[in-house]
Number of protein chains: 2
Amino acid sequence: MLVFTNVPLQSWQRARLVGQLGGDDVHYGDPVQFTSAARDAFIRSEVAFGWCPPQLLAEAPRLRWLQLDSAGCEPYLDLDWRLLSQRITVTNLRGLFSVQVAETAVGGALALFRGLGQLAVLQHARTWRSEELREGLRTLSGASVLVIGEGAIGRAIKDRLAAFGCLVTTFGTQSSGADLVSMQQLDRALSAADLAFLSLPLTPSTRGVIDRRRLAMLAPSAVLVNVGRGGLIDEPALIEQLHAGRLGGAVLDVTDVEPLPAEHPLWSTPNVILTQHSAGGSDDEITRKLDIFLENLKLYRSRAPLRNVVDWAKGY
Amino acid sequence: MLVFTNVPLQSWQRARLVGQLGGDDVHYGDPVQFTSAARDAFIRSEVAFGWCPPQLLAEAPRLRWLQLDSAGCEPYLDLDWRLLSQRITVTNLRGLFSVQVAETAVGGALALFRGLGQLAVLQHARTWRSEELREGLRTLSGASVLVIGEGAIGRAIKDRLAAFGCLVTTFGTQSSGADLVSMQQLDRALSAADLAFLSLPLTPSTRGVIDRRRLAMLAPSAVLVNVGRGGLIDEPALIEQLHAGRLGGAVLDVTDVEPLPAEHPLWSTPNVILTQHSAGGSDDEITRKLDIFLENLKLYRSRAPLRNVVDWAKGY
């Protein structure tokens with residue numbers, strides 16, 4: 001069989017993959033652009049590890065399994081999975097990024113609460129403003145925190161915040177055991193939050209969940225941290241609220257458009273920390289992605305059920 | 001009696017103080033400069049809340065109690081306390097800043113591990129570099145951490161790091177229950193640390209504890225966080241190590257000289273986050289300082305033992 005991958009593997013990681021593939025062929029595609037050569041290889045492949053233009057899945061007759069190199073799978077949601085899922089199994093990397101994302105999310109919140117952004121600007125200007133700054137600093141300790149999304153990332157965020165003395169309330173589906181499970185409960189909780197984390201997958205039912213109305217429910221000092229997907233928030237409304245000083249700040253790992261174009265207003269919106277979809281990153285990221293793929297490859301070969309299969313009815 | 005204070009109290013806080021003082025007089029000194037008017041009032045005072053030039057303690061014949069507005073008391077260490085302590089009791093604010101300091105300390109470490117400083121520079125330049133950045137990010141999870149100083153601040157740091165999955169080892173005095181209690185044990189632990197926090201008081205025995213030799217023991221990727229006092233570290237050696245890339249980075253809340261002059265090399269030393277002695281700050285800081293003073297004032301009036309009395313034999 002032919003295996004396609006456009007995950008940026010180092011030579012030693014390629015050697016590890018080849019070692020596990022035995023006699024099977026592998027095609028290494030460009031990690032950034034999906035070239036015509038990649039397309040030719042993809043439609044001849046049985047297994048793919050990485051990503052592809054969504055419509056290509058319907059045009060790859062031999063493909064049986066796509067191991068995504070992301071936790072999210074929203075680019076593929078619009079396909080007709082009633083037919084496709086009979087032929088192609090898609091697995092994602094959910095859970096793989098939870099520790100990394102939680103660290104950046106909590107780090108970003110601390111940066112806003114403890115003035116680290118202002119301090120970086122002062123450091124660049126070689127200016128000492130300790131006394132003035134101290135009066136404006138807030139603590140996570142005692143803060144009311146809403147964690148919206150009770151998956152692996154939401155739970156990792158909650159565990160860390162508990163050690164800071166935050167009062168954490170979670171929102172999720174009924175089956176997740178979250179504290180809040182209805183939109184009415186979420187609405188009531190928003191106005192009491194000092195800090196809200198968004199860690200939902202992007203699906204038709206979560207798109208725009210933090211709309212203009214819910215943004216207005218947040219306290220003017222509240223901080224919003226989005227490590228889910230840009231589409232969860234009404235971004236123009238968020239930018240308006242921040243410019244008007246009706247929101248304390250935002251840490252955005254994800255945005256509607258990525259990469260963010262140079263002229264985008266978010267770059268200079270006040271009290272915003274942009275982490276450029278880096279939150280899931282770590283120096284061992286590719287190795288860990290390959291670990292998951294090779295583990296699933298063993299299962300695939302032995303015709304056992306794969307791990308982290310996407311449920312298209314749920315959308316994640 | 002006359003009470004002197006140079007803590008920057010707001011009018012409502014002054015009203016609260018006056019309410020508790022009953023008929024006693026209070027002199028409000030300038031919080032930044034110790035003027036001659038302040039001096040005149042200070043030498044007539046029985047109780048002082050704030051700070052004073054150290055030598056003035058010997059020249060204030062009526063002073064019985066000085067409530068410092070800081071946790072550290074190193075400016076007063078060189079006085080002859082064998083005589084002075086028979087007349088003057090000094091209390092400090094130890095413990096009051098531990099939550100705040102721990103949040104800035106962990107936030108600073110997260111900023112270095114998760115690339116938040118680089119992201120702030122990229123944000124200012126409206127430049128997206130997500131992929132390149134991700135590969136260089138590290139996690140607190142699994143990191144070996146050394147917390148040097150097992151007081152309230154060290155314990156608050158340890159508690160938070162435990163939730164991040166750090167492997168924390170503490171260094172302190174024998175009585176503190178720290179994991180390491182001898183300098184030989186500290187030396188052996190330094191080379192294994194991914195991250196080291198300094199939260200010791202500055203005393204004759206801790207001055208320069210992180211000298212050139214111990215700095216060289218740290219791994220080239222290690223990050224050092226100092227929330228104790230600048231004098232704990234050989235600062236010129238630290239700057240050299242950072243410029244040479246023999247240390248991963250440093251978060252410095254405290255420096256040898258404060259405020260740091262504009263021409264000081266630390267402003268532009270690579271991989272340094274300067275938090276300008278703001279770590280103890282919070283929007284309720286003055287209120288909390290006043291709480292402690294008023295609590296001690298009740299004890300003072302009833303001739304009961306005061307809380308947080310400085311032990312000059314220990315130096316904190």
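Reader: In which order do the six strands of the open sheet in chain A come, and is the pairing parallel or antiparallel?
Author: In this predicted model, the order in chain A is β7-β6-β8-β9-β10-β11, an open sheet of six strands whose pairing is parallel. Strands β7 (167–171) and β11 (272–274) of chain A stand at the edges with a single partner strand each, so one side of each has no neighbour in the sheet. From one strand to the next, the twist averages 15°.

Reader: How many bridges join β8 to β9 in chain A?
Author: Four bridges join them, with β8 covering residues 195–198 and β9 covering residues 223–226 of chain A, and the two strands run parallel.

Reader: And which residue of β9(A) is the bridge partner of A:Phe197?
Author: That partner is A:Val225.

Reader: Switching to the two chains, what rotation superposes chain A on chain B?
Author: A rotation of 180°, with 0.0 Å of shift along its axis, superposes chain A on chain B at an RMSD of 0.0 Å, and that is the relation of a two-fold axis. The same surface serves both copies, given that 100% of the contact residues of chain A recur in chain B.

Reader: Which residue of chain A comes closest to the rotation axis?
Author: That is A:Gly107, whose C-alpha lies at 2.7 Å from the axis.

Reader: Now helix α10 of chain B: which residues are buried there?
Author: In α10(B), which spans residues 235–243, the buried residues are B:Glu235, B:Ala237, B:Leu238, B:Ile239, B:Gln241 and B:Leu242.

Reader: What do the buried residues of α10(B) pack against?
Author: They pack against helix α9 (212–217) and against the strands β9 (223–226), β10 (249–252) and β11 (272–274), which belong to chain B as well.

Reader: What is found at the start of α10(B), and what follows the helix?
Author: At the start of α10(B), a side-chain oxygen of B:Asp234 comes to within 3.2 Å of the backbone nitrogen of B:Ala237, while the residue that follows the helix is B:Gly245, with a positive phi near 70°.

Reader: Back to chain A as a whole, how many helices and strands are there?
Author: Chain A has eleven helices and eleven strands, and 52% of its 316 residues count as buried.

Reader: What is the radius of gyration of chain A, against that of a compact globule?
Author: Chain A has 21 Å, which agrees with the value near 20 Å that a compact globule of 316 residues would have. Along the principal axes, the C-alpha atoms of chain A fill a box of roughly 65 × 45 × 35 Å.

Technical notes
Residues numbered from 1 in each chain as written. Chains lettered and ligands numbered in written order. Predicted model: local features only at pLDDT ≥ 70, side-chain atom pairs only at ≥ 80, totals over all residues. Heavy atoms only, no water. Pairing = 2+ DSSP bridges. Axes fitted to C-alpha atoms, helices over the stretch in contact; angles between N-to-C directions. Least-squares fit on C-alpha atoms with pLDDT ≥ 70 in both. Contact = heavy atoms within 4.5 Å. Buried < 20%, exposed > 50% of the residue type's maximum accessible area, 1.4 Å probe, protein only. Polar contact = N/O pair within 3.5 Å; in protein donor to acceptor, adjacent residues only side chain to side chain. Rg over C-alpha atoms; globule rule 2.2 N^0.38 Å.
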